[in-house]
Amino acid sequence: HKEIAQSIRKVVEEMKDEELISLLSGVKEGDTDVPDTIKDILQKRKVYTKGDISYQDKELEMLERVTREKRLVITGEKKLKFMEKELEEGIGASEIDLVLEPLLEKLNKGNENERSSAVNAITALAVSFIRSDKLGPLEKLINLIKSKIHDEEHPAVIFSYIDGLEKIVEIARTKGRDFIVEDIQKTFRDLLDSESKKKMAIRALGKVGTQFALRMLLTALWDEDTEMEVKEALLSSGKEGFNALKEIFPEIENITIRRRIAKILSAFPSEYRKEFYNALEEENWKTQRDIVFILGESKDEEGLSLLVKLLKTGQDIVRLEVLRALSKINNPKVEDDIIEIYIEYPGKEVKTECIRTLLKIGTEKSIEVICQFIKESIEKEDWGELLIPAFNFVMRYSPEKVYPFIEKILFERTFLKKPKYPSGIRTELVRVLSKYKTEKVKNYLEELIKDSDSSVKLAATMGLRRFESDRN
């Protein structure tokens, strides 16, 4: 208000006497009946009041005349309400240009606060036009907004543009102006496709937080480069963002996008996710699998009992996801249940994932199962990625139970006196053993420094050196 008042005082000081009296009283140039008291001026204004326009409206009308003649910009609720009232009464194309001229100057040369104010004023005009069905002037303003938004670099100003366009869309929908909605949607899509603007547009859409803004934001889920920005924007929109994701979740077939949605959902507060738990037993296997993924990503222990139930009753693809989730939650309470599945369930993939999970969360209770896994792997000559970690696991808790398997791999020979088992497995096993400073391990290393396999020999030599160094 202070800034506006100063601007008006400056203009008034420069006005001629006749201009000032004409402004306040409505007396035109050349009239002889010139009032010379404040009372007369007020009386004159009263005479010229139209319809139900209040004295306050008359005051705003005079301010409007000053600002148009002197190219000032007045922003604020009262100003916009007056402009809306004027628009309802009718405004010509030339008058639109007069209104837009100072606003355009602010858009082109003003700072971010001035540009935001100008955008707010332009979109308020557009809202007034669509409410009064003045589609010609509205098209002009929307085209102006569309052209200027792509030139903008400041996030706060882009937010003003998006917030204003969203308001226009909302009214256009209620009036059945689908072509306007589609036109603005295309503008949003262009922004989200723009390498220089898409991240700012995503943040602005999240800040707006309306259903329309969230729908547009969800289209950015397909862009891997903006995954973090989309996540932050949806989280900032709270429960509305959560519900929007949950609504589209069952409709998405692309597994990458489903996983991306699941990751974002897992970041929302736990009270939002609780409603998923009751649905785990009722939904199809695809939804079960991805909801299990959400529980794993959120590391939410409240879902443990349901995860265990699915581990025992779900399809294999769901069981695998449950085991991964239990590994992430990392609670030994479920160790017995995983051991039970490993022993009773025949499927190789499920058994392997059970071992992977037990290696992560298991305790001494898992030793027998891990040893069984080692024994079966050697018998089948299955040198998978979990074999060496399995040796490491048992060595931590009960080395004597795994020594027979170690000796078999390291020292068993073929008929031709060559090592029976692959060089890579033997070498990796020696490296693992070198971490454990037992007499048994020392004896192994001393024998292996004479091994015919150079890789095993080198690993044993280095391990023995570390062994001696640590002892000294």
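Is Arg 426 buried or exposed? Arg 426 counts as buried, because its relative accessibility is 1%, where buried means under 20% relative accessible area, exposed over 50%, and partly exposed in between (1.4 Å probe, protein chains only). The structure is a predicted model, in which local features need pLDDT of at least 70, side-chain atom pairs count only at pLDDT 80 or more, and totals for chains, interfaces and linings use all residues. Residues are numbered from 1 along each chain as its sequence is written, and side-chain values use heavy atoms, with hydrogens and water left out.

Let us begin with the whole chain. The protein chain has 27 helices and zero strands; helices (H or I, at least four residues) and strands (E, at least two) are DSSP runs, numbered from the N terminus. Of its 472 residues, 47% are buried. Contact means heavy atoms within 4.5 Å, and among contacts between residues at least 6 apart in sequence, 62% join residues at least 24 apart.

Arg 426 itself sits in helix 25 (residues 423–433). A polar atom of the Arg 426 side chain lies 2.7 Å from the backbone oxygen of Leu 410. Beyond neighbours within four places in sequence, the contacts of Arg 426 include Tyr 421, Asp 451 and Asp 453.

Next come the nonpolar cores, each a set of buried Ala, Val, Leu, Ile, Met, Phe, Trp, Tyr and Cys residues joined through side-chain atoms within 4.5 Å. The largest one has 68 residues, and Ile 168 and Leu 221 are among those with the most contacts inside it. Helix 9 (residues 155–174) gives the most to this core, with ten residues. Not counting residues up to four places away in sequence, Ile 168 touches several residues, including Ala 126, Ile 130 and Ile 184. A second, separate core of 61 residues includes Leu 410 and Ala 390. In soluble globular proteins, nonpolar side chains tend to be buried together.

Ala 390 also takes part in a meeting of two helices: in helix 23, Ala 390 is one of the residues that meet helix 22, whose own partners include Phe 373 and Ile 374. The axes of helix 22 (residues 367–379) and helix 23 (residues 387–397) come within 10 Å and cross at roughly 140°, with axes being lines fitted to C-alpha atoms, for helices over the stretch in contact, and angles running from 0 to 180 degrees between N-to-C directions.

Finally, Ser 327 is found in helix 19 (residues 316–329). Ser 327 is buried, since its relative accessible area is 16%. Leaving aside neighbours within four places in sequence, Ser 327 is in contact with Thr 357, Lys 360 and Ile 361.

Methods. Polar contact = N/O pair within 3.5 Å; in protein donor to acceptor, adjacent residues only side chain to side chain.
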